[in-house]
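Dear colleague,

Please find below the structure that I am handing over to you. A summary of the findings follows it.

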Amino acid sequence: MPTRELRLTNRRGLHARAATKLVQCCQPFDVRVAIQHRERQADAANIMSLLMLAAPCGTELTVTTEGDDADAAMDAIAELFEARFHEDE
């Protein structure tokens with residue numbers, strides 16, 4: 001079960017558009033993705049639970065993937081974070 005600490009570096013943090021992109025990023029994979037911020041945990045398949053994390057720019061999130069495509073999904077998620085959710089282009 002891969003786990004990584006990923007930092008939100010896009011200006012608005014994990015807002016609605018970024019949360020939607022995260023959900024879409026995970027959909028092609030046979031995987032369950034959990035995102036944790038402090039004591040709160042969210043299912044990356046659920047936009048509302050992601051928004052409830054209230055994670056602004058600079059927040060470090062713990063991302064855990066579980067399933068057949070766990071490694072590939074983690075790589076895709078890390079790339080999305082590194083690309084700043086394609087918002088600052």
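What share of the contacts in the chain with a separation of 6 or more comes from residues 24 or more positions apart? Such residues account for 73% of these contacts, where contact means heavy atoms within 4.5 Å.

Please note that this is a predicted model, in which local features need pLDDT of at least 70 and side-chain atom pairs count only at pLDDT 80 or more, while totals for chains, interfaces and linings use all residues. Residues are numbered from 1 along each chain as its sequence is written, and side-chain values use heavy atoms, leaving out hydrogens and water.

The chain contains three helices and four strands, arranged along the sequence as β-α-β-β-α-β-α. Both are DSSP runs numbered from the N terminus (helices: H or I, at least four residues; strands: E, at least two).

Of the 89 residues, 40% are buried, that is, under 20% relative accessible area with a 1.4 Å probe, counting protein chains only. The largest nonpolar core has 28 residues; such a core is a set of buried Ala, Val, Leu, Ile, Met, Phe, Trp, Tyr and Cys residues joined through side-chain atoms within 4.5 Å. Helix 1 (16-26), strand 2 (32-37), strand 4 (60-66) and helix 3 (70-82) each supply at least two of its residues, and helix 3 gives the most, with eight.

Ile35 is among the residues with the most contacts inside this core.

With kind regards

Definitions and conventions:
Buried < 20%, exposed > 50% of the residue type's maximum accessible area, 1.4 Å probe, protein only.
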